[in-house]
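Reader: I'm new to this one, could you walk me through it?

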Amino acid sequence: MSLRTSLPLVQDCWQHIGVWGDRSCPQLVDVTHCHNCPVFATAGRRLLDSPTPEDYIQEWTARLASPEAVTQGDQLSVLVFRLVDEWLALPVTVLVEVTRPHQPHKIPHRAGLLSGLVNIRGELHLCIQLDLLLGLVASPPERTQDQPRILVVRREQDTWVFQAHEVDQVHRLPVESLVPTAPTLSRASAKLSRGVFRVNDRTVGLLDDGKLFQAVQERLR
C-alpha cells in the first residue's frame, strides 16, 4: 500500500497529529516533517485551487501586524539534528524539507563555508558547511550511526541547505524549559544559540535562526 493511499485525508491533520500537533501520526517516522507528506501536499494544492475569500488580505494583514505574545506554557516545534558530535535544533518555521544527501557541485574560486550548489527538486541552492560556521571540529570518518540528510531551510527570501550527520525528529519544546547555553557547546554555536534544552537524555542547543541566517549572509559576502 502506498503512503498516499494509506493516509487518511483528515482536514488539517498536521495541526492535530502532525508536527504542529501532538506528533502522534505514525507516518512522521518515515517523512520526518509534514512538508514531506503527500496529504499535506494534496491539501496545499486544494487550497491553491480554491477561490480567495474576499476578506483574506485584510485578515492576514491584521494578524501579521499584531505583536506575537509569549506567555507561560508557549511551545516551539523544533527539529533536532546532529552535526559532528553536537546535537542542535532549529524551529520548524524555517524548515522546508529533509531529504537524502546530494553531492554539491563545486563553484569555481569559492571554498570554505560554501561547499557548492545542490539541486533539490530542480532548484539550485547554496550548500553551507554549517559545522565550519559553528566552529565544530572537522567531521570524523563516517561512522556506522551516521545517517546523513540534507536540510533545506528558508527565512524570508533567503534559502540554503546544509548536511546533518543525523536527524532525530520534531519535538515540542516549552519555551520556559530553555536554559542558558551550556559550556559543552562550541563558542560559535553558543553565540548563535538561544539556549539549550534536554531531550532523550541529550543536551540540545537551540539555534537562533535570525542570527544564523545573518551570519551566513555576512560570511558569503
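Predicted model: local features only at pLDDT ≥ 70, side-chain atom pairs only at ≥ 80, totals over all residues.

Reader: Okay, how many helices and strands does the protein have?

Author: The protein has 7 helices and 10 strands, and buried residues make up 40% of its 221 residues.

Reader: And what order do the strands take in the open sheet?

Author: The open sheet has 5 strands in the order β3-β6-β7-β5-β4, with mixed pairing. Its edge strands, β3 (95–99) and β4 (114–120), each pair on one side only, and the twist from one strand to the next averages 30 degrees.

Reader: In which sense do β5 and β7 pair?

Author: Strand β5 (residues 123–128) and strand β7 (residues 158–164) pair in the parallel sense over 3 bridges, and within this region cysteine 127 stands opposite valine 161 in β7.

Reader: Switching to aromatics, how many aromatic pairs are there?

Author: The count comes to 3 aromatic pairs. In one of them, phenylalanine 81 and phenylalanine 162 have ring centres 5.3 Å apart and planes at 55 degrees, so the pair is tilted. This pair links distant parts of the chain, since phenylalanine 81 is in strand β1 (residues 75–83) and phenylalanine 162 is in strand β7, 81 residues apart.

Reader: What sits over the ring of tryptophan 87?

Author: The charged end of arginine 202 sits over that ring, 3.8 Å from its centre.

Methods: Residues numbered from 1 in each chain as written. Heavy atoms only, no water. Helix = DSSP H or I, 4+ residues; strand = E, 2+ residues; numbered from the N terminus. Buried < 20%, exposed > 50% of the residue type's maximum accessible area, 1.4 Å probe, protein only. Pairing = 2+ DSSP bridges. Axes fitted to C-alpha atoms, helices over the stretch in contact; angles between N-to-C directions. Phe/Tyr/Trp six-rings, centres within 6.5 Å; stacked < 30°, edge-to-face > 60°. Lys NZ or Arg CZ within 6 Å of the ring centre and 35° of its normal.
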